[in-house]
Amino acid sequence: MKNTASKLLNRIEFPVLLAGLVIACGLWGFEELMEVARDTTPHAFDTEILLAFREAGQPDNPIGPLWLEGAMRDITSLGSASVLLLITAAVIVYLLLIHRPGPAFLVLVAVAGGQALSSTLKLGIDRPRPDLVSHLADVASLSFPSGHAMLSAVTYLTLGSMASRFLPGRTTKIYVLALAVLTTLLVGISRVYLGVHWPSDVLAGWCAGFAWAMLCWLAAWALQRWRGRTDGA
């Protein structure tokens with residue numbers, strides 16, 4: 001039994017194991033955070049972090065210099081539907097122009113599927129926006145999970161993982177993936193800073209977004225391996 005398991009692990013590539021771990025952790029984390037979101041009263045974890053981004057006793061006044069608030073608004077726009085749609089469309093058109101319909105279809109499925117999943121999850125939890133502090137950005141949808149955090153994770157990780165396949169050198173690949181992760185994290189932090197999401201909303205968005213992006217990557221990896229075997233048969 002141990003020999004069989006050892007042989008199986010040796011045949012599975014490390015990135016596949018890592019992707020599977022990310023999916024499992026993401027699903028577990030989302031389930032735990034869903035319990036927090038369903039509580040009738042805000043969790044201490046949420047309130048303490050949200051208030052930490054405000055001056056003591058001044059829930060309308062964010063911490064830091066005035067330029068920081070403007071910078072956070074700029075960063076949060078990187079996770080907006082319009083910006084992500086523009087980036088996704090530009091990448092899809094480019095892939096089609098260089099005759100890469102497979103990757104183009106993958107990007108479309110990953111981002112569109114992530115959008116549909118985000119909207120469905122919001123309706124399923126039905127959590128209102130935080131009213132503990134003032135909102136420094138206009139919002140209209142429900143709070144859990146954070147759509148900005150989830151969709152930025154889906155979009156930037158999908159594009160980052162795809163770009164890394166065509167880039168030379170391990171250092172360059174790590175840089176691109178790290179940049180995708182950093183952008184996703186900054187977008188999520190900006191949502192809490194602006195007071196439009198509870199921290200648990202953002203964490204849940206990251207969990208769901210990372211899990212969905214890795215699931216799409218695994219599907220693309222499996223399809224590529226299957227095609228390789230078919231072509232070689």
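Predicted model: local features only at pLDDT ≥ 70, side-chain atom pairs only at ≥ 80, totals over all residues.
Residues are numbered from 1 along each chain as its sequence is written, and side-chain values use heavy atoms, with hydrogens and water left out. Local features need pLDDT of at least 70 and side-chain atom pairs count only at pLDDT 80 or more, whereas totals for chains, interfaces and linings use all residues.

The protein chain contains nine helices and two strands, taken as DSSP runs (helices H or I, at least four residues; strands E, at least two) and numbered from the N terminus. Along the sequence the elements follow the order α-α-α-β-β-α-α-α-α-α-α. Of the 233 residues, 40% are buried, where buried means under 20% relative accessible area, exposed over 50% and partly exposed in between (1.4 Å probe, protein chains only). The accessible surface of the chain is about 13,200 Å², and carbon and sulfur atoms account for 69% of this area; areas come from the Shrake-Rupley method with a 1.4 Å probe, and for residues only the protein chains shown count as cover. Contacts are defined by heavy atoms within 4.5 Å. Among contacts between residues at least 6 apart in sequence, 76% join residues at least 24 apart.

Within α5, L84, T88, I92 and L95 are buried. Viewed down the helix axis, the buried residues of α5 fall within an arc of 65°, so they line one face; the arc is that of the directions from the axis to the C-beta atoms. An α-helix has 3.6 residues a turn, so residues three or four places apart point the same way. On the face of α5 turned away from the buried side are the exposed residues S82, L86, Y94 and L97. Cover for the buried residues of α5 includes α6 (101-125) and α7 (147-166). A104, in helix α6, is buried at 4% relative accessibility. Apart from neighbours within four places in sequence, A104 contacts I92, L95 and L96. H99, which follows α5, has a positive phi near 65°.

Three salt bridges were counted, each requiring a side-chain nitrogen of Lys or Arg within 4 Å of a carboxyl oxygen of Asp or Glu. R127 pairs with D46 at 3.1 Å, N to O. This pair links distant parts of the chain, with R127 in the loop between α6 and α7 and D46 in helix α3 (residues 44-52), 81 residues apart. R127 also pairs with D201, with the closest N and O atoms 2.7 Å apart. D201 lies in helix α9 (residues 199-232), so this pair ties together parts 74 residues apart in sequence. Shared partners join D46, R127 and D201 into one network. R127 is buried at 6% relative accessible area, as are D46 at 0% and D201 at 0%. The remaining salt bridge joins E69 and R73, with closest N and O atoms 2.8 Å apart. E69 and R73 are four residues apart in helix α4 (residues 66-76), about one helical turn. E69 is buried at 15%, whereas R73 is partly exposed at 37%.

On the surface, Y175, L179, L182, L185, L186 and I189 form a nonpolar patch with about 520 Å² of accessible area together. Patches are made of residues with over 30% relative accessible area and no salt bridge, like charges being joined within 9 Å and nonpolar side chains (Val, Leu, Ile, Met, Phe, Trp, Tyr) within 5 Å. Y175 lies in helix α8 (residues 170-193) and is exposed at 55% relative accessibility.
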